[in-house]
Amino acid sequence: MKWTDDCWPLLLQVYLRKPAGVKPLYSRALVELALELHVHPRVLFNKQCELASLSSPGVARLWQTYADSPRRLGKTVARLRAMRGFSHADTFYEGVALNETFERDFRPIAGCEPLTPAMLALTLDLYFRLTPATMVARTPEVAALAQTMRVPVAAVTGALEAFQHCDPYLKRGAGTAGPLAEACRQVWQRYGNRQPSELEAVATQLRDYFVTG
């Protein structure tokens, strides 16, 4: 879905949530709106910056119309969501081939619920900070990540184990086949050969999804 003027009120409502202001790129509120609109969070983040800077007469009019009238804004947002494609997005997109990209990162991996590719990216970032002997539930960093992502610690240790079979330096072979092994392999291919600082930056941004509203 392309950005349209109808998207502005929905984004303004997110912007005005306390604490009002530009929300982090992967804050939960911004990601949820991105999933609803099928617009990448980076687009929404940049549009937030336009809201903050009153970058155009149209944005200025938006502020004049809604900034001091949350009830009016709420009614407009409710009306937009009642329109086809908002409140019934699944029906609206049924039979339509969507070129999904970022959406998959925040959806549970089939057979690996509740893990998502975004969670596996955070787990891979942790993987590079540990040794195999410390990739266990009693390690504080492992328990803390599970708590942050609100998943059982066994889900994190399972992913750490699967990543060990992706690591060419450990030479542990393919390991047990299954959806988690395949999902971890895909995440390793995506991030594992990057500089550690690059994955760290991605993980820092993704962490906002779990710790911000």
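Predicted model: local features only at pLDDT ≥ 70, side-chain atom pairs only at ≥ 80, totals over all residues.
**Exercise 1.** Classify the ring pair of Tyr 127 and Trp 188, and state which helices hold the two residues.

*Solution.* Begin with the distance: the ring centres are 5.8 Å apart. Rings pair if their centres lie within 6.5 Å. Next take the angle: the planes stand at 80°, so the pair is edge-to-face, as planes over 60 degrees apart count as such. Finally, place the residues: Tyr 127 belongs to helix α7 (residues 117-127) and Trp 188 to helix α10, so the pair ties together parts 61 residues apart in sequence.

**Exercise 2.** Classify the ring pair of Phe 163 and Trp 188, and decide whether each residue is buried or exposed.

*Solution.* The centres lie 6.3 Å apart and the planes are at 40°, so this pair is tilted. Phe 163 is in helix α9 and Trp 188 in helix α10, 25 residues apart. For burial, the cut-off is under 20% relative accessible area. Phe 163 has 0% relative accessibility and therefore counts as buried. Trp 188, at 8%, is buried too.

**Exercise 3.** Find the charged residues that sit over Tyr 15 and Tyr 209.

*Solution.* Over the ring of Tyr 15 sits the charged end of Lys 23, 5.9 Å from the ring centre. Over the face of Tyr 209 lies Arg 28, at 4.1 Å from the ring centre. Tyr 209 is also part of a cluster linked by ring pairs, with Tyr 26, Phe 106 and Phe 210.

**Exercise 4.** Describe the lining of the largest pocket.

*Solution.* Count first: 14 residues line the pocket. Sort them next: six are nonpolar, five polar and three charged. Then locate the largest share: α10 supplies four residues.

Technical notes: Residues numbered from 1 in each chain as written. Heavy atoms only, no water. 1 Å grid on protein atoms, 1.4 Å probe; cavity = no way out; pocket = protein on both sides within 12 Å on 5 of 7 lines; lining within 4 Å. Nonpolar A, V, L, I, M, F, W, Y, C, P; charged D, E, K, R; others polar. Phe/Tyr/Trp six-rings, centres within 6.5 Å; stacked < 30°, edge-to-face > 60°. Buried < 20%, exposed > 50% of the residue type's maximum accessible area, 1.4 Å probe, protein only. Lys NZ or Arg CZ within 6 Å of the ring centre and 35° of its normal.
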